[in-house]
Each structure stands twice: as C-alpha cells, then as structure tokens.
Amino acid sequence: MRIYKCDHRGERRVGYEGELIANDGTCITLRAPWTLPARALPFVTLEPGDVFIETFYTDRWYNVFEIHGPDGALKGWYADICRPARLEGDALSWDDLALDIWMDPDGTMQILDQEEFAQVLRELPPTEAASARGAVPALQDALKAHWRRFANAQIAQALTAQGWLLATAESCTGGLIGHLLTERPGSSAYFAGGVISYSNAVKQQALGVREETLRVHGAVSAECALEMARGVRRALDVQVGLSATGIAGPDGGTASKPVGLVYIGLSSPLGEAAAQHRWPYDRSGNKWATADAALSLLLRHLRFGQNLA
C-alpha cells in the first residue's frame, strides 16, 4: 500500500510503501521499514532496518507509530495529531497538523512542535481546530495505554525469569498500582497481592513502618516509602516490594509538602530506590501519574539492575 503524508492543506509531502497488516474499516495497521539514512533526533535515532508499525484511524484525529530497531527491540512510539486518514483505492493519505508526541519505552512523554501546531490551528476552520485540540488528551491517553501494556509485559518477563514475586504497598494510589499490574492476564504468576495502607496505623501495623519515621519524616517521605516497600516484602513473603505514598489532593498539602508530592519506594534483591515526584494534576491525575511512575521505576530497576531514583 502506498502511504502519503500531507501537510495541513492536504498537499502531499512524503510518499512511501507499507505492508497492510489489518483493516477493520476504521483502524488501519501497516508495517513500514525505515529506508532512509540514519537520522538522529533529540529523543531517538532512526536507522536503516528500523520497522514502523503504523496505526491510522478514519474516525480519530491522530495516528500512532510503534518503532522497533533491527533487533526487534522497542525504541518508542511516535504519534501525530492529524486529520482522519483517507483510504483511496490502494493508497492511504493523512494530513499532518504539526503536533507530535514521543513516548519512550520507560514511559517518558514529550510533546513536540507546539508553536507550529498553534500556527496551524489558526489556519484551520473552527470545527477542525476544535477537533485537533480535543485529540491531544485522547492521544496522550492512547500512548499511555500502549506503554502500560508494554511495561506490564516487560515486568512479567523479568519477574518470571528470576522466579520472583511482587507485592505492593499503596497509600495515595489506593490500589491503582495493583490494578494496573493485574490488567495483564496471568499476572497471578508473579504478583502476590498488596496492602492498601492509607492510614498511618495500617502503615505501622501491617507494614512495620516505625513510629519514629512517621514522627521525624512524616508519612509522605522517602524514608516512609522505603519502609513500606520493605514491609510488604516481609508481610507477603515476596522478593520485590513496591510502594507509593503522597498527597493526591485537592486538600492536605502544606508549604513544605504540597499537593501532588509523592514518593515511590522499591526494595528487591537488586537493591533499593526511592523516587520523588511533584505532580500538577487533579486528584485522579496525580494518582494515575504516581501509578505510572511506579511501574516505570520497577521496570527500569528490573531491566537494568540499578538503584534508580
């Protein structure tokens, strides 16, 4: 199939060949090799032998390209805000509206070319501009869903290879990390369970967090997160403990510990790590961001065997 990338005026700019993988009428998936010379971008290097799995939609204002290296390893996802794709015989055309999003395999997301996107929006009819703007959060959610599936598969592979069990100790996320982990079928082979230690009393009684830690450092601290991770390892007799504690909001923040401040703790035979984040979202957004960050920390720890923070 011939694929044409067009500008926002509908004028063809690039044409290339792709192999049709699937087409259900609204979602078209193609395989396209990178045939140009190596190209170093700030976030990834594209090189001959890379393979793009490109997903287009006839009813959505974005596309998603999953990029694999010559060895099959995932390099990341590159996605565009664009008009819905058009099928014209054995050709597919899509109109690039300038805004791109890159998602790393570690879960880091970068929004690109926002100034150019703003200029393009000014040239579009109001209804099209509104559709393009509205597609941005939908695309971000779609990329997060892609990444969560990838992270879950990698975590499962790493834990299974070691013969290790994982358990979670969650405060501010209220079980959301466990929910994400158990979205993968077969997760009972490596995920033992979790403790939702929302109160300080449960942190102490179920996880063994020391009263001194809570008094000196507080429940929202790296020290508490690490003790929670160690404690759930002991309580559930597993090799890997993953924890989260923080202030999801909208209330409960202080000058020194504002809403959105969270700590993620990790304890395993490879070592320990505590990571701090400060999220700018609402309550739900802060919880989801924390759960994703916890999966990212766990994934990097298991893949690289480092005490990452």
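Axes here are lines fitted to C-alpha atoms, for helices over the stretch in contact, and angles run from 0 to 180 degrees between N-to-C directions. With that convention, helix 4 (residues 200-207) and helix 6 (residues 222-236) pack at an angle of about 45 degrees. Their axes are 9 Å apart. The model is a predicted one.

**Overall fold**

The chain has 7 helices and 17 strands. Its C-alpha trace spans about 70 × 45 × 35 Å along the principal axes. Of the 309 residues, 50% count as buried. Take the contacts between residues at least 6 apart in sequence: 54% of these join residues at least 24 apart.

**Helix packing**

Two packed helices are described by the angle between their axes and the distance between the axes. The table gives both values for two pairs.

| Helix pair | Angle | Axis distance |
|---|---|---|
| Helix 4 (residues 200-207) and helix 6 (residues 222-236) | about 45 degrees | 9 Å |
| Helix 2 (residues 126-162) and helix 7 (residues 283-304) | about 40 degrees | 10 Å |

The angle between helix 4 and helix 6 makes the two oblique. On the helix 4 side, the contact uses K203, A206 and L207. Helix 6 supplies C224, E227, M228, G231, V232, R234 and A235. By class, these residues divide into 6 nonpolar, 1 polar and 3 charged.

Helix 2 and helix 7 are also packed against each other, at an angle of about 40 degrees. Angles under 35 degrees count as roughly parallel, and 65 to 115 as roughly perpendicular. Helix 2 and helix 7 are therefore oblique to each other. Helix 2 passes helix 7 in a left-handed crossing. From helix 2, the contact draws on K144, W147, R148, F150, A151, Q154, I155, A158 and L159. From helix 7 come W288, D292, L295, S296, L298, L299, L302 and R303. The class count for this contact is 11 nonpolar, 2 polar and 4 charged residues.

**Aromatic pairs**

The count of aromatic pairs comes to 11. One of them joins F56 and W94. Their ring centres are 6.0 Å apart, with 45 degrees between the planes, and the pair is tilted. F56 lies in strand 7 (residues 51-57) and W94 in strand 11 (residues 91-103), so the pair ties together parts that are 38 residues apart in sequence.

Another pair is formed by Y57 and Y62. Their ring centres lie 5.5 Å apart and their planes stand at 65 degrees, so this pair is edge-to-face. Y57 counts as buried at 10% relative accessibility. Y62 is buried too, with a relative accessible area of 7%.

F56 and W94 also belong to a cluster. W34, F52, F56, F65 and W94 form one aromatic cluster.

**Around N63**

N63 lies in strand 8 (residues 62-68). Is N63 buried or exposed? At 0% relative accessibility, N63 counts as buried. Which residues is N63 in contact with, leaving aside its neighbours within four places in sequence? They are T55, F56, A79, D80, C82, W94 and L139.

Terms used: Residues are numbered from 1 along each chain as its sequence is written. This is a predicted model: local features need pLDDT of at least 70, side-chain atom pairs count only at pLDDT 80 or more; totals for chains, interfaces and linings use all residues. Side-chain values use heavy atoms; hydrogens and water are left out. Helices (H or I, at least four residues) and strands (E, at least two) are DSSP runs, numbered from the N terminus. Angles under 35 degrees count as roughly parallel, over 145 as roughly antiparallel, 65 to 115 as roughly perpendicular and the rest as oblique. A crossing is left-handed if the near helix is turned anticlockwise from the far one by less than a right angle, and right-handed if clockwise. Contact means heavy atoms within 4.5 Å. Ala, Val, Leu, Ile, Met, Phe, Trp, Tyr, Cys and Pro count as nonpolar, Asp, Glu, Lys and Arg as charged, and the others, Gly among them, as polar. Rings of Phe, Tyr and Trp (its six-membered ring) pair if their centres lie within 6.5 Å; planes under 30 degrees apart count as stacked, over 60 as edge-to-face and the rest as tilted. Buried means under 20% relative accessible area, exposed over 50%, partly exposed in between (1.4 Å probe, protein chains only).
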